[in-house]
Amino acid sequence: MDNIKLNTLTSASQLQIGDAKEIHLTLNALAMLRDTEIWFDHEGDLKKFHIFNRPTIFPALYEPLIVKTNNVKGKIEVGKVNILGVASSSLIQIGSNECMKLESRIKHIRHLTIPPNENSNELKNDDER
C-alpha cells in the first residue's frame with residue numbers, strides 16, 4: 001500500500017494493517033441526552049437495559065465458500081485509500097483474516113422537558129390532532 005488517509009477512528013474500532021487470525025471488537029454504550037445537566041448514580045448500569053442482556057446471535061454459515069485466486073504478481077497492490085471515519089466496533093483491515101466477531105450495542109435515551117407555556121397541540125404530529 002502506498003498511502004492510507006484515515007480521518008477518525010473511535011469507539012472500539014480498529015485499523016488492522018496485515019494479516020490476523022482472529023479479531024474481536026465489542027462496544028456497549030449508553031447515550032443519555034437531557035436539556036438539563038442532571039446525572040443520577042444508578043443510570044450508568046448497562047445491566048438494567050434489555051438490549052445489553054440479550055445473547056449475541058451470530059449467523060450460521062450455510063454455504064461453503066469457494067475461493068479461486070490468480071495472483072499474477074504474487075501480491076495485492078493498492079495505491080491510495082481514503083477513509084472518512086470508522087466508529088462503533090467497526091473494522092478496516094488491509095490483509096486477510098480467518099475469524100472476526102464485531103458487536104455494537106448502543107442505547108439512546110432522550111429526556112427533554114416541554115416548556116409549560118407551549119400549546120400541546122403544536123407539539124403533536126398532524127396525525128395526532
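**Close-up 1. Gln14, a partly exposed residue in strand β2 of this predicted model.** Strand β2 covers residues 14-17, and Gln14 belongs to it. The Gln14 side chain makes a polar contact with the side chain of Gln16, at 2.8 Å. Look across to Leu91 as well: 77 residues separate Gln14 and Leu91 in sequence, yet their C-alpha atoms sit 5.1 Å apart. Once neighbours within four places in sequence are set aside, Gln14 is in contact with Leu9, Ile23, Leu25, Ser90, Leu91 and Ile92.

**Close-up 2. Arg105, a buried arginine in strand β6.** Here we're in the strand that runs over residues 97-111. Is Arg105 buried or exposed? Its relative accessible area is 11%, so Arg105 falls in the buried class, which means under 20%. Leaving out residues up to four places away in sequence, Arg105 touches Leu27, Asn28 and Ala29, plus Ile51, Phe52, Asn53, Arg54, Pro55 and Thr56.

**Close-up 3. A nonpolar surface patch made by Met1, Ile76 and Val78.** Together these three residues have about 290 Å² of accessible area. Met1 is found in the segment before β1, the strand spanning 3-9. At 42% relative accessibility, Met1 counts as partly exposed, because that value lies between the 20% and 50% limits.

**Close-up 4. The stretch at residues 123-129, with the overall confidence for context.** Averaged over the protein, the pLDDT is 82, and 88% of the residues score at least 70. Over residues 123-129, though, the pLDDT is below 50. Beyond near neighbours in sequence, that stretch has five contacts in the model.

Close-up 5. Of the 129 residues, 13% count as buried. The protein exposes about 10900 Å², with carbon and sulfur atoms supplying 51% of that area. For contacts with a separation of 6 or more, 76% come from residues 24 or more positions apart.

Key:
Residues numbered from 1 in each chain as written. Predicted model: local features only at pLDDT ≥ 70, side-chain atom pairs only at ≥ 80, totals over all residues. Heavy atoms only, no water. Helix = DSSP H or I, 4+ residues; strand = E, 2+ residues; numbered from the N terminus. Buried < 20%, exposed > 50% of the residue type's maximum accessible area, 1.4 Å probe, protein only. Contact = heavy atoms within 4.5 Å. Patch = residues over 30% accessible without salt bridge, like charges linked within 9 Å, V, L, I, M, F, W, Y side chains within 5 Å. Areas by Shrake-Rupley, 256 points an atom, 1.4 Å probe, with all protein chains shown as cover. Salt bridge = Lys/Arg side-chain N within 4 Å of Asp/Glu carboxyl O. pLDDT = per-residue confidence, 0-100. Polar contact = N/O pair within 3.5 Å; in protein donor to acceptor, adjacent residues only side chain to side chain.
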